[in-house]
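Come and read along with me.

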Amino acid sequence: MSALLSIASVSKHFGGFTALSNVSLEVAQGERLGLIGPNGSGKTTLINCVSGALKNDAGTITFKNENLNGLAPHQRTRRGIARSFQIPRPFHSMTPVENLAVPLEYVTYRGVAHKHDIKGEAEAILQDMGLGDKMHASCAGLSQVELRKLELARAMAARPALLISDEAMAGLSHGEVDEVLAILFKLSGTGITIIMIEHIMHAIMRFSERVVCLDAGQLIAEGVPTEIVKNPEVQRAYLGA
Amino acid sequence: MSGKMSGKMSGNMNASAGSMGGNNRIFVIGCVGVLLAAIALMAGVKIDYVFNASFVVLQFVVLASAWNILGGYAGYVNFGTSAFFAMGGYSALFMIKAFNAPLLVQILVAACVAGLLGLGVGLISLRLRGIFFSIATVAVAIILETVILNTEYFGGAKGLQMMRPEPMAPFESYDKMLFFVMILMAITAVAISRYIERSWIGRGLRAIKDNEEAAECVGVPTLKLKLIATVVSGALMGAAGAPLVMYMRFIEPVSAFSLNYSVSALAMPIIGGTSSWIGPVIGALLLGSVQQIVTVTISSELNVLIVGVLLVFFVVVAPDGILGLVRKLRAKGGTSGAAGSAKGGAK
C-alpha cells in the first residue's frame, strides 16, 4: 500500500444523472498522472470529490492512508491536497503576494506562534513561478497565463503533497503552454505528486508518466501515454477517430 | 449588492507586521484622547440634549462598525441589523423586569442573546449567499418582530414604559451616564473591528468575500470564520441596543425593529468605506451628526431621505466610499495626494 491517493469505487450522482460511476484509481507518491476525457466525462467532478468541494455518494477516498470522507475542503488542504481551478479564481481585492499569504497563514504556518516572514516566502514562490515583476500589482492587471501561474503558486504555498492542476493550460498559446509545463515539471522534480487534467494532448503526452481516461463517468482506459492514444476505446470516446 | 461591492473593493496591502506596533500605539492614544474629551465634555456641559444627541451618533458608530465586520470584510450583507438591535433592547427589558439588573448586566446579556442570534444567522450563510442571504436576514427581523409583538410579557404592540433608576455615583444625570457607557461601547466596537480587520481573521474574511470556494481550497475554514463574524457582529449590535430601554424610558416593537437601523447601519459603512475599520466610523459620525442636525433644524422625517440620497450618491459616484475617494486622491500623487491625506487626517 504505497499509494498516496487511493480512490475506491467512487460514485457521484446529480439527481438522475450519474457523473461518476464506480471509479477506482490509485496514485503513487511522486507520480505524474494525466487525466483525460471528453467534456462532461466527470474529470472535474472526480477532482471535486478528492478536494472535498463535492461529497461522493459512494466509495472511499484515502489520502496518506487516511479516509477523507466527511472532511471539509480546508481540512483536506491542510492534509496536503491542493488544487488549481479551471477558471482562475484569484482573490481579486488582493495583490498576488497577499493571495499567497492566505494559504501560508492558514495552512503552512497555522498555529505557529512566532512571526514568519510570510511576505518574503510568498515573494520567493512567485519569483519561482515567473511572476516576480507582478508580485505587488493588482490582480486585475494579470494576463490569462499569469492568472494560471498565480493559481498554481497559491496552491503551492500550502506546501501540498498532491497538486491537482485542473486545465491550467486551456486557452493558452503554444509558448505559454510550455511555460506552465516547465513549472509543473519543476514542481514534480521536488517530489510533489501531480494530477494533471488537460485537453491539450501534446502536453499530456509529454508530462504524464501514466494516463487515465474517463468517459461518461467511467474509467475506460489506463496506461502509459503512447499506449493510451492507441487504445481504441479512448480513440472512440475522446480522440474522435 | 455584495457582488458589486466586492468587485469594486480596492486592495491595499495590510499594514505590515513592522509598522503595526507604531499604528497600535497611535490608535490607543486616539482612544484615550476621545475618552478624555468625553469626560471633559461631561464636566463642562450642563445641557442634557448634547449627550442625548451624541448618544445616538455613538450608537450608530457601534452599529456601523458591527455591520462592517460581516458586510464589509466578509461581503455578507446583513439587512437585519434592527433584529439584533431590538433583541438587545428586549433582552435588557427582560433583565430589568425579571431581575432588576444593572445596566452593565443588561448589556452583557443583550450581547449574549444577540450573539446567539448571530450564530443562527451564520448557519443560514451555509446555504444562502449574496442577495439570498440578505433577504433571509430581513425575514429574521420580521419573524422576531412578530414574536415580540405577540408577547404580552414584553408589552406587545403597545410597548412598555420603564422608570429610570438614579444615575450611578460619579454621574450627575442619567443621560450623561448613558452617553459615557455608549462611548465606551463605541471604542470597544471600533477596537474589535480594527483587530479583526488586521488579524488572520480579517485576511480570511477578505478571501471569503473575493471567492469562497477558492478560500476553502487554500485552507481557510470558511464556516468557522463566517460564524465568528456573525456572532461578533450580532453581539455588538445587541449591546448597542441594550441601553435603548433606559434611553427612551419606553420600548415598543415597531420603533425598536425600525428599518431605519438596518438601513443606516448599512449606509454608514458604504458611505465611509467598507475596506477598513475607519470607514464605518467616518460614515457614522458624518451621517449620524447630519441626521441629528436635520432632525432638530428641519424635520425628523427628512433625515431618512438624506440617508437615502447620500447612499445612492455614494454607490453611484464613489462606490468605495470616502476612504476610496481619499485613496484615489492620494494615488494621483503630488499636491493632490497631500490634500487627500490632510482630508483623511481631519476626519
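These are my entries, taken one region at a time.

**Ground rules.** I am looking at a predicted model, where local features need pLDDT of at least 70, side-chain atom pairs count only at pLDDT 80 or more, and totals for chains, interfaces and linings use all residues. Residues are numbered from 1 along each chain as its sequence is written, while chains are lettered from A and ligands numbered from 1 in the order in which they are written.

**Entry 1, the sheet in chain A.** I looked up an open sheet of six strands with mixed pairing, in the order β6-β7-β8-β3-β9-β10. Strands here are DSSP runs (E, at least two residues), as helices are (H or I, at least four), numbered from the N terminus; two strands pair if DSSP finds at least two bridges between them. At the edges I found β6 (81–84) and β10 (218–223) of chain A, each pairing on one side only. Within the sheet, β3 (residues 32–36) and β9 (residues 210–215) of chain A pair in the parallel sense over four bridges. I noted A:Leu33 opposite A:Arg210 in β9(A).

Helix α5 (residues 144–157) of chain A lies across β6 and β7 (162–166) of chain A, at about 170 degrees to β6(A). Helix α6 (residues 174–189) of chain A lies across β3, β7 and β8 (193–197) of chain A, at about 155 degrees to β8(A). For such angles, axes are lines fitted to C-alpha atoms (for helices over the stretch in contact), and values run from 0 to 180 degrees between N-to-C directions.

How do the axes of α14 (residues 278–297) and α16 (residues 321–331) of chain B cross? They come within 8 Å and cross at roughly 115 degrees. That makes α14(B) roughly perpendicular to α16(B) (65 to 115 degrees; under 35 is roughly parallel, over 145 roughly antiparallel, the rest oblique). Among the residues that meet are B:Ile278 in α14(B) and B:Leu323 in α16(B); contact means C-beta atoms, placed from the backbone, within 7 Å.

Is B:Met182 buried or exposed? B:Met182 counts as buried because 24 C-beta neighbours lie inside 10 Å (20 or more within 10 Å is buried, 12 or fewer exposed, in between partly exposed). B:Met182 sits in helix α7 (residues 174–198) of chain B. Leaving out residues up to four places away in sequence, B:Met182 touches B:Phe55, B:Leu58, B:Gln59 and B:Pro243. B:Phe55 is 127 residues away along the chain, yet the two C-alpha atoms are separated by 6.3 Å.

Technical notes. Contact = placed C-beta atoms within 7 Å.
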